[in-house]
Amino acid sequence: MTPIDSVLAAVPADLITTDRDVTARYLTDFRKYMTGAARAVLRPRTTAEVQRIVAACAAHGVPLVPQGGNTSYCAAATPSATGNELVLSLERLNAIRALDAANLSLTAEAGCVLSVLQDAADDAGLLLPLDLGSRQSCQIGGNLSTNAGGVSVLKYGMARDLVLGLEAVLPDGQLLDVLQPLRKNNTGYDVKQLLLGAEGTLGVITAVSLKLALKSVATVTAFLTIADIDALTAILARARALTGENVTSFEYVSDHSLQLLLAAKGHLRHPLSEPAAHYVLLEAQTSSPLFPLEAAVTQLLEELMEEGLVTDGTLAAGGAQRDALWVLREHIPEAEVANGGSVKHDVSVTTTRLPAFIREASAVVARFSEGGRLSIYGHVGDGNVHFNVVAPLGAEPARYKPWFEREVSPRLYDLAVAMGGSFGAEYGIGVVKLDLLDRYGDPAKVAMMRAVKAALDPKGIMNPGKVVR
Ligand SMILES: Cc1cc2nc3c(=O)[nH]c(=O)nc-3n(C[C@H](O)[C@H](O)[C@H](O)COP(=O)(O)OP(=O)(O)OC[C@H]3O[C@@H](n4cnc5c(N)ncnc54)[C@H](O)[C@@H]3O)c2cc1C
């Protein structure tokens, strides 16, 4: 009997899927960067079943790859091609355990799809402030394991900042139960933090208690033409000040990205009469019925236009117009896919340095890859820009992209790091960024990561080959 046979024998049969037609979708990552192999996909419905599976894997030394919605941008949830690993899908562990409106907290199982939790909070008159483009398919366990960012980080923080409590199965099958939805619980090491952003390498998250917020009573969404890229920092500072720190999203869209999108999706329209080089999608929200948000944003725009920082713009008159503006930001990745995909650089620098980064990085691409089509957009209010490059017209993307990654991408990462920034702002390490962690990671930090991994997962069964070598 092989070790995998022994694990499968120890797990209830109705949790095991081996049908290749069914398992295929668990074996390729969202970006089709890699396709792995696995004899079976295991789909537990309870935390006790997760414990049973992990304990069996630990006993027989079989590696396990936890998987949520499989929307990782760095192939973090895909098994290797060896066929020696099993996939653990959390999709059936999807109950909402409690929503305590007075405590502003929601306790839910790891396999809950993010939009389902957003709707549950909304039904209770509250807001789950985590929000990202993959909301209809990513799961809360995956969001926490990647410490997801998204479009509301400016006001509410990353996924990590929203966690009150956590339940997880550790690599030896032991249950970690620190799920209480408490805002104060100062009792030694905050061990749950280790599993947040660990990309499934230190255990399986089974449930979480999240912070909720008050629902906004007013939302103002504006799509603005900005005078030049250097205006970004000043506009953000003014927007924060005049709205009383109520800016929830401050997203940059370059005209290159917008044009790619409009060409790929013929039914979409440019929201402004005159195209320009740089746009910002700004959204402000307040939960106070007394705060004059519209007046504040109107004054903000008047001042910015008077000073020439903003030269044109449109305000969404209602929910449908707001959605239409957001489509122009959130569907850019699809336009890149329609053009053969992009080489993605998910980098961050301080907001002060962001305009300089965008200018200098654009110059690097112009110099080393003439014709490479820039697609620059992202959560610039957080200093995070998706600095993406699409193959030149007429070039073969399958040849261009590996060439660019080898010859030009290191120059862009060098630039971000030299400017005090990060080579991986929000998507995580997975397998795609292991080399970058080797190159740019602080040696002491990487050593600590290895030590933590060795201490918690001495047999190396949790998502091997991801995050730490
Ligand atoms: C259209 C689109 C837009 C996106 N926008 C953003 C964005 O704005 N910000 C952002 O940060 N990301 C974004 N992403 C990337 C992705 O959606 C996030 O990383 C998301 O948090 C992954 O969740 P998931 O459930 O799909 O996890 P998966 O892809 O299934 O897994 C991701 C990692 O978490 C681990 N994991 C999953 N569930 C568990 C669990 N229960 N316990 C332990 N480990 C687990 C996996 O092993 C893997 O390492 C986007 C992706 C797409 C496709």
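User: What should I know before reading the numbers?
Analyst: The model is predicted: local features need pLDDT of at least 70, side-chain atom pairs count only at pLDDT 80 or more, and totals for chains, interfaces and linings use all residues. Residues are numbered from 1 along each chain as its sequence is written, and side-chain values use heavy atoms, with hydrogens and water left out.

User: How is the chain divided?
Analyst: Into domain 1 (3-89), domain 2 (96-214), domain 3 (223-333) and domain 4 (339-427). The bounds come from an automatic or database domain assignment.

User: What does the contact between domain 1 and domain 2 take from each?
Analyst: Domain 1 gives 15 residues and domain 2 gives 18 residues. Contact means heavy atoms within 4.5 Å.

User: How much area is buried there?
Analyst: About 1100 Å² is buried between domain 1 and domain 2, with 64% of that from carbon and sulfur atoms. Buried area is the accessible area (1.4 Å probe) that two parts lose on being put together, summed over both. Thr47, Gln51 and Thr71 supply 36% of what domain 1 buries against domain 2, more than any other three residues.

User: Which element gives the most to domain 1's side?
Analyst: α3, with six residues. Helices (H or I, at least four residues) and strands (E, at least two) are DSSP runs, numbered from the N terminus.

User: New topic. What order do the strands of the sheet take?
Analyst: The four strands form an open sheet in the order β1-β2-β4-β3, with mixed pairing. Two strands pair if DSSP finds at least two bridges between them.

User: Why is one side of β1 and β3 left without a neighbour?
Analyst: β1 (16-17) and β3 (64-67) stand at the edges and each has a single partner strand, so one side of each has no neighbour in the sheet.

User: How does β3 join β4?
Analyst: Four bridges join β3 to β4 (residues 86-89), and the two run parallel. Gln67 has Ser89 in β4 as its bridge partner.

User: Last one: where is Ser362, and what does it touch?
Analyst: Ser362 lies in helix α13 (residues 354-368). Not counting residues up to four places away in sequence, Ser362 touches Leu374, Ile376 and Phe387. A polar atom of the Ser362 side chain also lies 2.6 Å from the backbone oxygen of Ile358.

Key. A polar contact is a pair of N or O atoms within 3.5 Å; within protein, one must be able to donate a hydrogen and the other to accept it, and residues adjacent in sequence count only if both atoms are side-chain atoms.
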